[in-house]
Each structure stands twice: as C-alpha cells, then as structure tokens.
Amino acid sequence: MRARRAGLPAALVCLTLTAAASGCTSGPEPTPEKGAIVLATGSDLSSSGVRQDLILDWERRTGRTVRIVKLPDTADGQRSQLLASGQSGNSGYDVLNLDVAWTAEFAEAGVIRPWGASLDADFLDSVVKTVEYGGKVWGVPFNTDAGLLYYRKDILHDYGYDRPPTNWGELKNVAAQVAGAYNRKAAKDAKAAGNADEDAEAVPKMYGMVAQLRPYEGLTVNTLESAWANGGAPEATSFTKGEQVGALQQGVADVKDRLDSIMPHEATTMDETESRRWFADGRALFMRNWPVEYASVAEKLEAGVQFDVAELPGRPTDGKRMSVLGGQNLAISATSSRPEGARRLIEALTGPGSERCLLERGFAATRDSAYRAPEKAPDCTLPPGDAERAEHGAARQPAQRPGQEPPYTRTLYAALRAAEPRPRSAHYQTFSKVVQLRVSEYLNSRGGTAIADALAREADEALSGRG
C-alpha cells in the first residue's frame, strides 16, 4: 500500500503529469471552496497546545480558517456522535480526528472517504496499518502511542536488579520477590522506629504491579497484549482456529494470575490515571501504562533515578515485545463540502515538521524522521514559547527547549516499531465490549476455564459480525 518515496497530492499530480500518463481528465476549473474547514475532535484543540498551534500556523500561511467542533469527552460518545452525524448525510464536518481502532467501522459505514493515495515511506510501518482497511488507505496517522513498562529503578537496584524483566514470567517472579522483601523491611523499620504496637496493615504496602483492568477499553488492550505474549497473532481473525487456539484463554489466565499474585484487587477498578497514582505514590513496583503518564509520575519521582520505562516484557519463546498501538488518525468526512482544503490541512498537520513538533511537545510522532537525532530530524518551526502551553491528551511535562526530545524517546521508538493495531474489523467495538464483560467477570471469579472458553467463541462471533 505504500510508495517508497513521498507521495504527491492527487491534485498536484494531475497538474504536473499529462492526462494520458496519469489518467487525469481535463475539465472546468474547480469552484473555489468557501467557508471554514470544520474539524471534529474529541480533545479540545480550540484553546492551547501544540496541535492548535499547528492549525494556527497553517491558517496564517494559507489564509484558510479552521473551525474546531469539540465532541463528547468519552470515546463512546465521540464515536456515536460521529457515526450518527456522518450517516445522516449532513454532519457539516470536513476533517475527523479518529481513534485508531475506528478506521474499519467508519469506512464500512461510509462516514469517511478513501484517502486515495499511498502514504509515503516515512510513516512507521506499524502505524500505517491503522489507516488501512479492505485494500485501501482511509486517512493519515496524526499521533500514535505504545504501552510501556514503568518500573521503580531505585528499588530494583537495592535488591540486586539493574535491568527490568525481559518476559512476563520473570516480571511476576521479580515483583513477588522484591515487593515481598520491601514490605518486610518497611514493617521492620516501622517496628524499630517505635511502632511495635502498630497494626501491620497500617504500614503502606507495595504491590508488584498495577495495570488498567477496569471494564473499559484499557482492559481490552491489556487482554490483547497478554494474548499476544502467549502466542496470539495480532493479524489473526479468529481465536478458535489454528495456532490461535488457547492464546486468548491463556492470556486471560495470565492476567488473572498476576492480579491474584502481585496486584492489588483494586486494579479491577483502575484506569490510566488511577494506576499512575498508585505507582507514583510508591505503592507498586511495576506499571503498564502509556507514555502520556510519564510527566505526572516525574512530578513525584525523579525520572531516570527513581523510575524509568522500558518496552513491555517479551514472549518467552522468541523474546518478541508487542504493545497495542494507540493514537489518532485524520480522515476526510464523506460529506465534506471542502475536501481539497481538508486534504491540505491533514497533509500539513501530519507533515515531517509537524510530527517533529508533536514529538518535542510530548506526543508520539507517526513518522520515522521525527525520531532521528535532533540535528538530522526535520525542523519544528513553531515558536519556542508554544512549548510552554499544555494540551489535554499530551504528556503533562515541563516545557522543552526546541529540538529537545522526551527522555523516553528511544524506548518509545522501539516500542512503536514492534507495536500492532487492534483487530481491524468493522465490528471491533462489539468485540471490545465482549472482552470487557467476559474478562471482568473472569477476573472477579474464583477461576475456572468456562468463562475464558466462552470469551474465545464470543470474540470470534463479534469480530465476524455475528455477535
């Protein structure tokens, strides 16, 4: 699907190639588009932040106007509103900022139009998969994401470990050993300090790990990563056939095993924010989370000294490390009355310089060139002062100097290259709800395989549209 050189906009190709060679046909000049380009997004780009600054910069350079429509705060609310307005045929939107898991569903529903050109080779291969469906490209990657393993570097070092675990089995063993020793020492120190009569339960306890196990999309992500770690193939369309048999069940069983052995039961109510609070408060040795939480952890713990991040643990069979891809893509609404302006805006927001700006301001960039050494990377031409402005959804970190990367950039880059998209099905949302309901039921049960077996069957039915 991808050209090995930068692709040119279709309109420019038609102007520069002959009609016979390009397939373009002559005709009347297109009528100039009128009115503001309407961008629908789930995060508020209307006040501040790097993405808003990129839009303002494009407006200054082109003379066009962009009007931003803020969607509901929840992902389900955003998706429902976009689908409903798009299928009504009169949404009034030109550009849609979509979660990466929605491409197939929105394409099938006729809410977005094909991009109509291959993406250039600078985009990360893993990320490009999130805009491909049915042999077509449906948008352009805007910002991406990959799960990371946060770990207490200082505490691991104190107990003889100078690197994080390389696989999930090792993580469980190290977490149990180190957290247990840490808690025994804390209780002993409390007793030596004169708290002999203090109830042992009153001493703050460190757990081995926290993750996002509340029944929402975070639970689906954790489940998929565990299934992949047990031999599941991200490209598989069935969990009950061939080599995929047992991968989902074992993945769910491993999540429950970690919950029952090294996690607090409160993890079944945790999202990204709550699990980050536990880790930053010193109540967990390890945490699976997105890079967006790095800066908030650094407000309490010293980055690189007390804590650090690594790629998620790998499979014991081949050492392969895989995270679920997160992020957002930009697509042109099927009902857009300003498609050419929409296309130009998307091209500007996802260009090499813009992606470098996103990386420098705390987002995960979608282009390979953004991760080059600063002196070789594309220039971010936004004024330095813009780095001081915060944006909902971006990493909440101190302002960075122009050309400065987040401290986890090299780790993030490696994680992104190995990451995989969620199942690319028009029925993904049904699949995710099935996973959330069944896995939550299983995590809160006494065990047994019946729930996990039912999950595999129901997951297949959901992905195929029979659920």
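Strand S1 (residues 37-41) is joined to S2 by 5 bridges, and the two strands run parallel. Helices (H or I, at least four residues) and strands (E, at least two) are DSSP runs numbered from the N terminus, and two strands are taken to pair if DSSP finds at least two bridges between them. Within this pairing, Val 66 of S2 is the bridge partner of Ile 37. The model is a predicted one, in which local features need pLDDT of at least 70 and side-chain atom pairs count only at pLDDT 80 or more, while totals for chains, interfaces and linings use all residues. Residues are numbered from 1 along each chain as its sequence is written, and side-chain values use heavy atoms, with hydrogens and water left out.

S1 and S2 belong to an open sheet of 5 strands with mixed pairing, in the order S2-S1-S3-S11-S6. Its edge strands, S2 (66-70) and S6 (140-146), each pair on one side only. From one strand to the next, the twist averages 20°; axes are lines fitted to C-alpha atoms, for helices over the stretch in contact, and angles run from 0 to 180 degrees between N-to-C directions.

Helix H13 (residues 339-349) lies across S1, S2, S3 (95-99), S6 and S11 (325-332), and runs at about 150° to S11. Helix H15 (residues 409-418) also packs on the sheet, touching S6 and S11, and its direction makes about 110° with that of S6. Contact here means heavy atoms within 4.5 Å.

The largest nonpolar core comprises 93 residues, and those with the most contacts inside it are Leu 82, Tyr 150, Leu 213, Phe 286, Tyr 371 and Phe 431. Such a core is a set of buried Ala, Val, Leu, Ile, Met, Phe, Trp, Tyr and Cys residues joined through side-chain atoms within 4.5 Å; buried means under 20% relative accessible area, exposed over 50%, and partly exposed in between (1.4 Å probe, protein chains only). Helix H16 (residues 428-443) gives the most to this core, with 7 residues. A second, separate core of 28 residues includes Ile 55, Leu 119, Ala 342 and Leu 345. Leaving aside neighbours within four places in sequence, the contacts of Leu 82 include Ala 40, Leu 96 and Trp 102.

A search of the whole structure finds 1 disulfide, defined as a pair of cysteine sulfur atoms within 2.5 Å. Cys 357 is joined to Cys 380, with an S to S distance of 2.0 Å. The link is right-handed, with 105° about the S-S bond. Because Cys 357 lies in helix H14 (residues 352-360) and Cys 380 in the loop between H14 and H15, the pair ties together parts that are 23 residues apart in sequence. Both cysteines, Cys 357 and Cys 380, are buried.
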